[in-house]
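Please look over the sequence and the model before reading on.

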Amino acid sequence: MNFNAYLNSLTPDFTPIVDHNTLADYIAVDLSIHQSALKEVDTSSSKVFQDYLTQYLISSDKKVAYGGYLEERNLYARSTYFTSDKENSRNIHLGIDIWCPANTPVLLPLNGKIHSFKNNQNHGDYGPTIIIEHSLEAHTFYTLYGHLTLSSLDGIQTGDVLEKGSVIGYLGEASVNGDYAPHLHFQIIRDLEGNRGDYPGVCAVKDLAFYTENCPNPNLLLKLP
């Protein structure tokens with residue numbers, strides 16, 4: 001069984017990672033460079049972007065927007081953290097984003113233990129971040145949860161064992177989450193390459209083949225439509 005098939009086998013059906021358990025409440029959102037509606041939105045402003053997402057959910061009669069795996073985005077052009085090296089400018093998203101209100105609880109999709117955590121404070125970065133190690137059926141891999149509240153890092157320790165469905169944190173406000181509309185960045189990582197509390201969530205085109213292999217589609221676990 002290849003690794004993607006193995007990941008797919010770990011969850012039988014829809015597996016929420018935020019405290020919204022009704023699949024009918026979810027809707028996909030396109031935040032790519034091809035989305036014409038975004039051309040009229042100042043995505044450099046977290047407030048304006050939050051208003052855009054809120055209106056999108058209201059007009060769709062949904063509660064949670066999601067998507068973004070391998071999506072090429074303009075969202076990162078506002079930050080030199082992604083664009084300082086023009087030849088290696090990073091704008092391809094390597095996880096799934098779950099957009100819903102600040103302070104929404106984040107749920108663990110599988111049994112695991114805390115590998116590491118960190119407040120990544122660059123502009124446009126993850127803000128408070130937790131990485132979970134999963135050792136299941138002779139495989140070890142990691143899941144990353146970015147854009148949390150500062151309090152999500154309080155009282156936790158490397159090695160803490162957590163069960164599937166445990167609350168592992170809460171979605172942070174723009175003031176702490178890297179200056180984004182509130183959301184969870186969820187990413188699967190096969191090899192952390194020595195990183196702790198952090199791992200690239202956006203890559204350059206030239207590195208896409210490597211990161212596609214090292215960071216498989218998170219929807220293999222979540223099974224969103």
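Which exposed residues does the face of H2 turned away from its buried side carry? They are Lys47, Ile58 and Ser59, where exposed means over 50% relative accessible area, buried under 20% and partly exposed in between (1.4 Å probe, protein chains only).

## Basis

This is a predicted model, in which local features need pLDDT of at least 70, side-chain atom pairs count only at pLDDT 80 or more, and totals for chains, interfaces and linings use all residues. Residues are numbered from 1 along each chain as its sequence is written, and side-chain values use heavy atoms, with hydrogens and water left out.

Helices (H or I, at least four residues) and strands (E, at least two) are DSSP runs, numbered from the N terminus.

## Helix H2

The end C-alpha atoms of H2 are 21 Å apart, which agrees with the 21 Å that its 15 residues should span at 1.5 Å a residue; the expected span is 1.5 Å times one less than the number of residues. Ser46, Phe49, Tyr52, Leu53 and Leu57 are the buried residues of H2. Seen down the helix axis, these buried residues fall within an arc of 130 degrees, so they line one face of H2; the arc is that of the directions from the axis to the C-beta atoms.

The buried residues of H2 pack against strands E1 (26-28), E2 (64-67) and E4 (96-99), contact meaning heavy atoms within 4.5 Å. Just after H2, Asp61 has a positive phi of about 55 degrees.

## Ser46

Ser46 is found in H2, which comprises residues 46-60, and counts as buried at 14% relative accessibility. Its side chain joins that of Asp179 in a polar contact of 2.9 Å. A polar contact is a pair of N or O atoms within 3.5 Å; within protein, one must be able to donate a hydrogen and the other to accept it, and residues adjacent in sequence count only if both atoms are side-chain atoms.

## The sheet

Eight strands form an open sheet with mixed pairing, in the order E1-E2-E4-E11-E8-E7-E6-E9. Its edge strands are E1 and E9 (161-162), each pairing on one side only; strands pair if DSSP finds at least two bridges between them. E6 (residues 112-120) and E9 pair in the antiparallel sense over two bridges, and Lys113 stands opposite Val161 in E9.

## Val167

Val167 lies in strand E10 (residues 167-170) and is partly exposed, with a relative accessible area of 42%. Not counting residues up to four places away in sequence, Val167 touches Pro105, Val106 and Leu107.
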